[in-house]
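Subject: Structure for you to look at

Hello,

Here is the structure I said I would pass on. Please open it first and keep it beside you while you read the notes below.

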Amino acid sequence: MKIEKFIYMSGGFYVYKTDEGFSVTNEHGYTLKTAKTVMTCDRYVQQQLQDRRYAEKFVIERINQQHEKINQD
């Protein structure tokens, strides 16, 4: 797979136009997704960012619950 053009970067995900379609790589250069259309790559990046936000929110809520429990004791 030959990278032809950088399209955009969002949240550590890089979208490129390749000779075979489009690809998403991470900051370490690992290919995470390849597709024939850029829209498929866009949906992949948006889903990954949404999952990350959900995980961060979940962890923050758990930390707050633990702090509340400690403060009650």
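Two strands pair if DSSP finds at least two bridges between them. Helices (H or I, at least four residues) and strands (E, at least two) are DSSP runs, numbered from the N terminus. This is a predicted model, in which local features need pLDDT of at least 70 and side-chain atom pairs count only at pLDDT 80 or more, while totals for chains, interfaces and linings use all residues. Residues are numbered from 1 along each chain as its sequence is written, and side-chain values use heavy atoms, with hydrogens and water left out.

The sheet

Four strands make an open sheet, in the order E1-E2-E3-E4, with antiparallel pairing. Strands E1 (3-10) and E4 (31-35) are at the edges with a single partner strand each, so one side of each has no neighbour in the sheet. On average, neighbouring strands of this sheet are turned by 20° against each other, direction ignored; such angles are taken between axes, which are lines fitted to C-alpha atoms (for helices over the stretch in contact), and they run from 0 to 180 degrees between N-to-C directions. As a general point, strands of a sheet pair through backbone hydrogen bonds, either parallel or antiparallel.

Strand by strand

E1 pairs with strand E2 (residues 13-18) in the antiparallel sense, over six bridges. Within this pair, Lys 5 stands opposite Lys 17, and Ser 10 stands opposite Phe 13. The two strands form a hairpin with two residues between them, and Gly 11 in the turn has a positive phi of about 60°.

E2 and E3 are also antiparallel, with five bridges, and they too form a hairpin with two residues between them. Here Tyr 14 has Thr 25 in E3 as its bridge partner.

E3 is joined to E4 by four bridges, again antiparallel. Their hairpin has five residues between the strands, and Gly 29 takes a positive phi near 90° there.

Is Thr 25 buried or exposed? Thr 25, in strand E3, is buried, with a relative accessible area of 7%. Buried means under 20% relative accessible area, exposed over 50%, and partly exposed in between (1.4 Å probe, protein chains only). The strand around Thr 25 is mostly covered, as five of the five residues of E3 are buried. Leaving aside neighbours within four places in sequence, Thr 25 is in contact (heavy atoms within 4.5 Å) with residues including Gly 12, Tyr 16 and Leu 32.

Thr 25 stands opposite Thr 31 in E4. Thr 31 is partly exposed, at 43% relative accessible area. Not counting residues up to four places away in sequence, Thr 31 touches Met 1, Ser 23, Val 24 and Thr 25. Thr 31 and Tyr 14 are 17 residues apart in sequence and 9.3 Å apart in space, C-alpha to C-alpha.

The helix

Helix H1 (residues 38-72) lies across E1, E2, strand E3 (21-25) and E4, and runs at about 170° to E2. Ile 63 is in this helix and counts as partly exposed, at 37% relative accessibility. Together with Tyr 54, Phe 58 and Val 59, Ile 63 makes a nonpolar surface patch of about 410 Å². Patches are made of residues with over 30% relative accessible area and no salt bridge, where like charges are joined within 9 Å and nonpolar side chains (Val, Leu, Ile, Met, Phe, Trp, Tyr) within 5 Å. A salt bridge is a side-chain nitrogen of Lys or Arg within 4 Å of a carboxyl oxygen of Asp or Glu. Accessible areas come from the Shrake-Rupley method with a 1.4 Å probe, and for residues only the protein chains shown count as cover.

Regards
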